[in-house]
Amino acid sequence: MASLLDRLIPGKNRRIDLSRDLLKSVLVLGAVIEARDAYTGGHTWRVAQYSRLLAEQAGLSASEVFLSGLGGFIHDIGKVGIPDQVLNKTGRLSEDEFSLLKTHPTVGKKLLDNHPLGPLVLDSITYHHERYDGQGYPSGIGSQSLSIYPRIIAVADCFDAMTSTRSYRKGMPKDVALGILAELRNTQLDGMLVDSFLGFDVTRRLDHTLGHSDEGRRLANCPMDGLIVALPRYKEDGDMVYCHACKGIYRLHIAQDTFELEATGQQRFDLQPEIDLELINDLASGAPRSIALQREMSNQENMDKHGSPWE
Ligand SMILES: [Fe+2]
């Protein structure tokens with residue numbers, strides 16, 4: 001039976017038209033997981049930014065840079081299928097819970113499989129936890145045999161996980177995390193991509209993303225529990241913001257580029273997820289009008305194209 005892509009875009013020179021509305025529908029899915037996972041505080045935006053930077057540094061084309069960012073933003077969408085008590089658990093996960101968490105790439109693949117823009121993001125969603133040495137999941141195939149996108153996202157995801165503060169540990173300083181990335185060359189991560197990632201730190205380009213949840217939006221710390229609170233772009237000086245962990249309500253104070261939270265002594269327990277539509281529009285506006293596809297992202301043609309751009 002013909003694949004969805006074959007049915008959608010018959011012929012050899014296939015392109016996918018990136019209708020802004022369709023693209024926004026994918027981006028909103030990425031924002032949903034951000035709203036659901038209380039402790040990620042801008043994780044999807046940062047992984048998207050790091051992935052774009054890394055793709056640029058690795059010399060990929062403008063479309064490929066865009067797809068790297070899009071994949072970075074949507075990569076964890078399968079976490080919508082993971083129960084709250086596992087997703088937001090602050091302690092160590094049991095073996096069973098970890099097995100459940102590890103289903104999120106396949107759950108995500110099922111969710112996007114029939115979306116018209118699925119072919120643009122399916123590799124990123126399905127394979128971002130594969131490792132270079134084949135010890136990853138869900139398939140355990142060495143990531144060097146995959147397209148470039150999940151390999152890029154794996155580096156970006158790993159760096160953000162190490163440098164982000166969680167309820168059970170503080171984020172590592174940048175230099176420590178970069179040192180660990182270097183140690184993961186050709187075991188967990190693609191060594192050439194790690195080298196590229198280390199390369200752009202020289203120009204301090206990481207600093208605009210590290211500790212931020214959007215362009216110019218530094219993460220604030222909850223005065224009660226010290227956890228990070230992501231501040232959407234539409235929140236202005238004097239607005240109320242919430243800490244998802246302690247449920248406290250805080251007044252936001254913005255002075256130049258510092259963001260501070262003042263306790264109001266109030267709490268609310270009916271927190272509603274908030275989607276930052278401005279951010280979604282921004283991400284969609286940077287997209288090319290159409291993208292040429294080399295059939296499925298992980299096929300041989302694509303591997304030939306992307307498999308060894310640094311050799
Ligand atoms: Fe993931």
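In the predicted model, strand β6 pairs with strand β7 (residues 248-255) in the antiparallel sense. Three bridges join β6 and β7. Within this pairing, Y242 stands opposite I249 of β7. β6 and β7 belong to an open sheet of three strands, in the order β6-β7-β8. The pairing in this sheet is antiparallel. In general, strands of a sheet pair through backbone hydrogen bonds, in either a parallel or an antiparallel manner.

The secondary structure of the protein as a whole comprises 13 helices and nine strands. Of the 311 residues, 38% are buried. Contacts between residues at least 6 apart in sequence were also examined; 61% of them join residues at least 24 apart.

The largest nonpolar core contains 47 residues. Within this core, L54, V121, I152 and V155 touch the most other members. Helices that each supply at least two core residues include α2 (20-36), α3 (43-57), α4 (62-74) and α8 (118-127). The greatest contribution comes from α9, with nine residues. Contacts of V121 were listed without counting residues up to four places away in sequence. On that basis, V121 touches V26, L70, G71, I74 and L112. Another core lies apart from the largest one and has eleven residues. Among them are L219, L231, Y250 and L261.

Helix packing was examined for α4 and α9. The axes of α4 and α9 lie 9 Å apart, and the two helices pack at an angle of about 55 degrees. α4 is therefore oblique to α9. The crossing of α4 past α9 is right-handed. From α4, the residues L67, S68, G71 and G72 take part in the contact. They meet Y149, I152, I153 and A156 of α9. I152 of α9 is one of the core residues touching the most other members. G71 of α4 is also touched by V121.

Note on methods:
Residues numbered from 1 in each chain as written. Predicted model: local features only at pLDDT ≥ 70, side-chain atom pairs only at ≥ 80, totals over all residues. Core = buried A, V, L, I, M, F, W, Y, C linked by C-beta atoms within 7 Å. Buried ≥ 20, exposed ≤ 12 C-beta atoms within 10 Å, placed from the backbone. Helix = DSSP H or I, 4+ residues; strand = E, 2+ residues; numbered from the N terminus. Contact = placed C-beta atoms within 7 Å. Pairing = 2+ DSSP bridges. Axes fitted to C-alpha atoms, helices over the stretch in contact; angles between N-to-C directions. Parallel < 35°, antiparallel > 145°, perpendicular 65-115°, else oblique. Left-handed = near helix turned anticlockwise from the far one by under 90°.
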